[in-house]
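Q: I have a new structure open and would like to learn how to read it feature by feature. Could you take me through it slowly?

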Amino acid sequence: MTRGHIVIDDVVKVYDPQGAAVMAVDHCSLEIEPGEICMIVGPSGCGKTTLLNAIAGFHEITSGRIVMDDEVLCSTAKPLSTPGPDRIVVFQNGALFPWKSNLENVIFGPLMQGKLGRTQAIEKARAMLADAGLSGVEHNYPGEVSSGMRRRVEIVRALMNDPKALLLDEPYRALDSLTKSVMHEALLEIYYKNKVTIFFITHDLEEAIFLGHRVAIMTTRPCKPKKILDVDIPHPRDYGVLTSKRFRELIEETNDAVHEEALKAFQAGEKEG
Amino acid sequence: MEAALRVGATNRATAALRESTPFRDVSEALLQRIAAIARPARYAAGARVYSAGEVPDDLFVAVSGRVFGCEGLLLGQNQRLSSVNATEPTEVLRINADQLVGLLESEPLEGLDVMQRFATVIQREFSLPAPAQVRRLSGTPLTEEMSTLSLTMYRASLWLRSPRPYLMVIGFALFLGFWYLAVEVWKLPRFREMPGVTSVVKEWLSPAPTYGLSLYTEEYYKHIAVSVWRVAQAFFLATLLGVPFGLLLGWSRKFKEYVFPVFEMLRPIPILAWVPLAIVMFIATESAVVYLAFLASFYATALNTMLGVQSIDESYVRAANCLGASQPQVFRHVVLPGALPFIFTGLQISIGVSWFSLVAAEMVSGQYGLGYVINTSYMMVRYPTIIIGMATLGIVGYATSALVRIAGDYLMEWRVRELALAER
């Protein structure tokens, strides 16, 4: 299977190269296996979102290249990749269209691409929503359901397009810790059914180790992998993992590295982002 | 033989314990000791395992590894919080909670770990699971059958039951009462020359009005109709041109750079300053009046529409791009609906200023209309008629902006529902 194999090769991103020349990403290389959950951990403002934006096609890169399944997304010659339904972003604050019902949101992708007719799209959406335990909220608007529910609908909206990769940008940042733990299990459950590559940005080390096959701990701005941790806790996982010995050991092993970067970021006074 | 049977049972017990969350990682030795105090039990389908209120002596581990009935572990919890029935034939292990605690205390390190996991299990058991949260938030009839109409009716009935309509009536009564007293009873300076409320109402309701204008004269409705028709033309024209113009201003940076500075320079020019030019431009007075009303409306609509487009969160556009929408699709499905709340704010302002500039224009030129009524009544010294014209303007103006608001609610059901949930 070669779906969702992402290679980040020596990527550099400098904001405002003529003026302030802020280096956000510094010769970053990272390979993400097909169907892997790769967690990117770093302090706020370390430049990890810049990396995600480069893959998604929201920001240009300065040099290097990003390849997915032998297709060059962006490179020095073509600095901006084209956004597309093969890699879909789930945004930090959620981006379900509030003026469309949850069902209409979910069928949006296939309808816009002309891949499915309306009836077929609705049929598929109903099945996928039911699968994710979201049948009751089809006709509600996103503003009427809880924020945790909105995130799940958004993930279903992404999966409707059979993407190769999901790019999640701190999607659970605004949720309370109880909802968060439910969301983690819901995400894993969806993942076990779909096995899509997941590129997940977070600043929460526990979240990263609980969810990820691998955890890449990034240096603070400029951003590049400082330490890559293979999480050897077998999948499928549930919340019981959180209290297992191995989990605690892994946290201890990586905590120092994360803390060190957070301290650096704090001292540098980086702004959020 | 009997010993062999017992060993088999113990093995099955340890296997079940291994499956459960709390005992997953404990050492083999401790697990054996826990298995030794566990008593197997069997329940037929439908049998009651325990009932709420009973003494929580044992906790239960199903063969599947599911743990339940842990109330006995909680300090000071001396009764069951729920009842449990077996839905199918079930084998479980019963473990006395006090014995278990004693056992865990003898192995403090491992015991602490186990107790922490029990804490997680209990927290999960007694916090709302996700499907229950769904029902609580959205299972109300407010989902499918609730149309905009019934929602509006519902809100109207709420309004009638609230103190607001009665406060409103009191407000009007105070206003009219003060008018009556100030003019007709106290005869306060400055108010003395004003027509009193009784003479105005008498004139307004008279079948044979002294000054020629009342609810019974055809003239009255002709004036209203002419004014409404002018405002309607101006408003629709302003909407038809202003909304696309504003969308373009917000959507295209280049277009904005060309056009916006000119727009911003023309906008502060008061409508009355346009009157002479409008009369020169349009030979017919009718078009000149409509043009003036249009101009003010157009500014309000265009400006708010532009702000609406600019207010749209960039993630929506990005999300649409990710999902494979083309530029025209983004415009149709993201920009237009996203700007709609601002557009309708603009339209509310627009209809207001359109009345404002219409009356100004009618006072200067024109042969019919409410502004014309007010102005000529002044010149002909028909004071009560002035007030009739003013009050009519107030009522008709309010009605038109209410219509715009209703249209907005109809088009933005999502927003009505969101606001209803926020109880606003």
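Q: Of the contacts in chain A with a separation of 6 or more, what percentage comes from residues 24 or more positions apart?
A: This is a predicted model, and in it residues 24 or more positions apart account for 72% of the chain A contacts that have a separation of 6 or more. For chain B, among contacts between residues at least 6 apart in sequence, 70% join residues at least 24 apart.

Q: How many helices and strands does chain A have, and how does its radius of gyration stand against the globule rule?
A: Chain A has seven helices and ten strands. Its radius of gyration is 19 Å, close to the 19 Å that the globule rule gives for 273 residues, so chain A is as compact as a globular protein of that length. Taken along the principal axes, the C-alpha atoms fill a box of roughly 50 × 50 × 35 Å, and 49% of the 273 residues count as buried.

Q: How many helices and strands are there in chain B, and what does the radius of gyration say about that chain?
A: Chain B holds 17 helices and six strands. The globule rule gives 22 Å for 424 residues, but the radius of gyration of chain B is 38 Å, well over that value, so the chain is more spread out than a compact globule. The box filled by its C-alpha atoms along the principal axes is roughly 120 × 60 × 40 Å, and buried residues make up 31% of the 424 residues.

Q: How should I read a strand, and which faces of β3(A) are covered?
A: In a regular strand the side chains alternate between the two faces of the sheet. Strand β3 of chain A covers residues 37–41, and five of its five residues are buried. Both faces are covered, with A:Ile37, A:Met39 and A:Val41 buried on one side and A:Cys38 and A:Ile40 buried on the other.

Q: How many bridges join β3(A) to β8 of chain A, and how many join it to β9 of chain A?
A: Five bridges join β3(A) to strand β8 (residues 197–202) of chain A, and these two run parallel; here A:Ile37 has A:Ile198 as its bridge partner in β8(A). Four bridges join β3(A) to strand β9 (residues 214–218) of chain A, again in a parallel run, and the partner of A:Cys38 in β9(A) is A:Arg214.

Q: What is the strand order in the open sheet of four strands in chain A?
A: The order is β2-β1-β4-β5 in chain A, and the pairing is antiparallel. The edge strands, each pairing on one side only, are β2 (22–32) and β5 (71–75) of chain A, while the twist averages 20° from one strand to the next. Within this sheet, strand β1 (residues 6–15) of chain A pairs with β2(A) in the antiparallel sense over seven bridges, and A:Ile8 stands opposite A:Leu30 in β2(A).

Q: How should I read a helix, and which residues of α15 in chain B are buried?
A: An α-helix has 3.6 residues a turn, so residues three or four places apart point the same way. In helix α15 (residues 370–379) of chain B the buried residues are B:Leu370, B:Gly371, B:Tyr372, B:Val373, B:Ile374 and B:Ser377. The buried residues of α15(B) pack against α9 (218–251), α14 and α16 (383–411) of chain B. The helix α15(B) is followed by B:Val381, whose phi is positive, near 55°.

Q: How many residues does each chain bring to the contact between chain A and chain B?
A: The contact takes 35 residues from chain B and 36 residues from chain A. On the side of chain B that touches chain A, α4 (108–126), α5 (130–138), α13 (314–322), α14 (327–364) and α17 (413–421) of chain B each supply at least two residues. The helix α5(B) gives the most to that side, with seven residues, and the residues of that side divide into 13 nonpolar, 13 polar and nine charged.

Q: Where in chain B is the confidence lowest, and where is it highest?
A: The mean pLDDT of chain B is 84, and 91% of its residues reach 70 or more. Confidence in chain B is lowest in α5(B), at a mean of 42, and highest in α9(B), at 94. Over residues 129–145 of chain B the pLDDT is below 50, and this stretch has 22 contacts in the model beyond near neighbours in sequence. For the complex, the predictor gives an ipTM of 0.90 and a pTM of 0.71.

How values were computed. Residues numbered from 1 in each chain as written. Chains lettered and ligands numbered in written order. Predicted model: local features only at pLDDT ≥ 70, side-chain atom pairs only at ≥ 80, totals over all residues. Pairing = 2+ DSSP bridges. Axes fitted to C-alpha atoms, helices over the stretch in contact; angles between N-to-C directions. Rg over C-alpha atoms; globule rule 2.2 N^0.38 Å. Buried ≥ 20, exposed ≤ 12 C-beta atoms within 10 Å, placed from the backbone. Contact = placed C-beta atoms within 7 Å. Nonpolar A, V, L, I, M, F, W, Y, C, P; charged D, E, K, R; others polar. pLDDT = per-residue confidence, 0-100.
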